[in-house]
Amino acid sequence: MSEFKIPRKVIEIRENIRSMRIRGAGRIARAAAEALAIAAREFKGKNIDEFMEYINMVADYVKSARPTAVSLPNAVSYILTRLQRAMPASLNEARDLVVRTAEHFIEYSREAVKVIGELGAKRLEYGDVIMTHCHSTAAVSVIVTAHKLGKVNKVYVKETRPRLQGLITARVLSEAGLDVILIPDSSVRYFMKKVSKVIVGADTVAANGAVINKVGTSLVALAAKEARVRTYVAAETYKFSPRTVIGELVPIEVRDPTEIVSNEWLKNNPSVEVYNPVFDVTPPEYIDAIITEKGIIPPQAAILILIEEYGLSIKEQLKEHDFVIREEELRE
Ligand code: RI2
């Protein structure tokens, strides 16, 4: 274990992710990259070996903030992979590399959300009425871009219990000029007949095209399929999980019961178990397409995105390393 302390600002970022003050898979990924850059800048040691040990320790610490969104470990391994392969000769070189790579990731991520908006908006039609769930910046980007093109005016926004992220979406879309109808989660099937497309985000996309997103997403997709309404998922490619290629399951985060009921209620009803899983899995059969910054794909083509990102040797790499090396680096 490194004797170097984790900087206070990094501890704050991890705590903000854990407590969901920083939330949304993309924002979490950018915050993790920023945390590594801060850690690199604030490193107090004198040699590169210590730096490598330290930055790996910080990486593990940041990654442990929340378990489900693969964007978090993917952002961290994006930086660590480049650091490891560059084999920097000096401490300054290593430090600079971490800072530059983190900045590059953050810029890429922001641009990806914009491109997803543009590609997704092309797929929408004039007069489409949308339903969305939770608060996804990628999904919002599609809806707002389509609105600017005059294609979409009305959006049904599910409140998204227990944390009510739907209220953020409702505010953001309303400020962008859309007609927003905020609806209870339980009314999804009631309103589905008024909707022409569903657009949601993703925390993780598995190799088989299953999408892990805020709990309730799979019910929206199910109701949409029944009503013959198309379901689109907006997700940057760093939300695709390389480890699912070797059959690893995506852990589903379970949060505190007090997000659902008060402490007092729990005390008054001691024999009731309260269980609060915050994500669910939507099978690929319920998804019409995934909108990524690299193009719109059917969910069954998720494996192709992973191969494009990490190369055909993805399985071997996963066996040998804690993280995987992206294809572009293998070509260098
Ligand atoms: P963007 C969120 O998780 C939601 O599940 C949302 O759909 C997903 O992240 C993607 O969000 P949480 O952090 O990256 O609210 O598209 O638990 O913003």
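Residues are numbered from 1 along each chain as its sequence is written, and side-chain values use heavy atoms, with hydrogens and water left out. Because the model is predicted, local features need pLDDT of at least 70 and side-chain atom pairs count only at pLDDT 80 or more, whereas totals for chains, interfaces and linings use all residues.

Strand E2 (residues 152-158) and strand E3 (residues 179-183) run parallel and are joined by five bridges; strands are DSSP runs of at least two residues (E), helices are runs of at least four (H or I), and both are numbered from the N terminus. Pairing requires at least two DSSP bridges between two strands. Within this pair, valine 155 stands opposite valine 180 in E3. From E2 the chain passes through helix H7 (residues 166-175) to E3 in a right-handed β-α-β crossover, that is, the path from the first strand over the helix to the second runs clockwise with the strands pointing away from the viewer.

The loop between E2 and H7 contains proline 162, and the peptide bond to proline 162 from arginine 161 is cis, with omega near 5 degrees. Leucine 164 lies in the loop between E2 and H7 and has a positive phi of about 60 degrees although it is not a glycine. Its relative accessibility of 27% makes leucine 164 partly exposed (buried is under 20% relative accessible area, exposed over 50%, partly exposed in between; 1.4 Å probe, protein chains only). A positive phi, near 70 degrees, also occurs at methionine 20, in the loop between helix H1 (8-18) and H2. Methionine 20 is buried, at 8% relative accessibility.

An open sheet of three strands has the order E5-E6-E8, with antiparallel pairing. Strand E5 (204-205) and strand E8 (279-282) each have a single partner strand, so one side of each lacks a neighbour in the sheet. Four bridges connect strand E6 (residues 211-214) with E8, and lysine 214 stands opposite phenylalanine 279 in E8.

Alanine 29, in helix H2 (residues 25-41), is buried, with a relative accessible area of 0%. Not counting residues up to four places away in sequence, alanine 29 touches Ser71, Ala75, Phe105 and Tyr238 (contact means heavy atoms within 4.5 Å). The C-alpha atoms of alanine 29 and valine 70 are separated by 8.6 Å, at 41 residues apart along the chain.
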